[in-house]
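Colleague: Can you put the model up? I'd like to go through the charged pairs and then the helices and strands.

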Amino acid sequence: MRTHTEVIPYEVHRDDGFVASDDLARIDLDVVHGYLSRSYWSAGIPRETVERAARNSLVFGLYSSGGQVGYARVVTDRASFAYLCDVFVLESYQGRGLGQWMMEALLEHPDLQGLRRFLLATRDAHSLYARYGFQPLGSPASFMERHDPDVYVRNREEGAKGKTR
């Protein structure tokens, strides 16, 4: 297993020049924040939250010669559990199989092998993830959540109120 301090990035190269990499230093947080802040799952997310989440996760950037075009983040202990989130390919690069290719590269990552449980949540990409063995929860009654979908809006509003005092 690789350690957090190891400097050799995991990279997969595609014949047409695209690269998938887990190198946190390559992540363009402006691209990631720009997409996530308008996505249905994290609308309004502050840039600082995106940055902190990336620092504390296994991240995958998808790159073309022109820069970053996709992203995925895995929250994991790198031993038994992982949660896949924040997956996207920029609209202008969709329809080229890049999302599928990024998923294949991600699932082959050495730190994501032998996991007991690998979760994700999606509103509209069930068929994509089913190709890689993801399926509806076998025992949904066993899972619980604390979900606060308005946290980013509320924190922004509370921050604005605090500045006017």
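Colleague: How many salt bridges does the structure hold?

Modeller: There are 9 salt bridges in the structure. Keep in mind that this is a predicted model.

Colleague: Which residue does R55 form a salt bridge with?

Modeller: The partner of R55 is E51, and their closest N and O atoms are 3.7 Å apart. Both residues belong to helix 2, 4 residues apart, which is about one turn of the helix.

Colleague: Why would that spacing put two residues on one side?

Modeller: An α-helix has 3.6 residues a turn, so residues three or four places apart point the same way.

Colleague: Which residues are linked with R55 in a network of salt bridges?

Modeller: The network of salt bridges links R55 with D30, R47 and E51.

Colleague: Staying with helix 2, which of its residues are buried?

Modeller: In helix 2, residues 47–55, the buried ones are V50, A53 and A54. Viewed down the helix axis they fall within an arc of 100°, so they line one face of helix 2.

Colleague: What do the buried residues of helix 2 pack against?

Modeller: They pack against helix 1 (29–36), strand 3 (58–64) and strand 4 (67–76).

Colleague: Back to charges. What does R73 meet in a salt bridge?

Modeller: The side chain of R73 meets that of D86, at 2.9 Å from N to O. This pair links distant parts of the chain, with R73 in strand 4 and D86 in strand 5 (residues 81–89), 13 residues apart.

Colleague: And are R73 and D86 buried or exposed?

Modeller: Both R73 and D86 are buried.

Colleague: What about D16, which side chain does it meet?

Modeller: D16 forms a salt bridge with R14, at 2.8 Å from N to O. D16 is partly exposed, with a relative accessible area of 45%.

Colleague: New topic, strand 5. How many bridges join it to strand 6?

Modeller: Strand 5 is joined to strand 6 (residues 117–120) by 4 bridges, and the two strands run parallel.

Colleague: Which residue of strand 6 does A82 stand opposite?

Modeller: A82 stands opposite F118.

Colleague: What unit do strand 5, helix 3 and strand 6 make?

Modeller: Together with helix 3 (residues 98–107), strands 5 and 6 make a right-handed β-α-β unit.

Methods
Residues are numbered from 1 along each chain as its sequence is written. This is a predicted model: local features need pLDDT of at least 70, side-chain atom pairs count only at pLDDT 80 or more; totals for chains, interfaces and linings use all residues. Side-chain values use heavy atoms; hydrogens and water are left out. Buried means under 20% relative accessible area, exposed over 50%, partly exposed in between (1.4 Å probe, protein chains only). The arc is that of the directions from the helix axis to the C-beta atoms. Contact means heavy atoms within 4.5 Å. A salt bridge is a side-chain nitrogen of Lys or Arg within 4 Å of a carboxyl oxygen of Asp or Glu. Two strands pair if DSSP finds at least two bridges between them. A crossover is right-handed if, with the strands pointing away from the viewer, the path from the first strand over the helix to the second runs clockwise.
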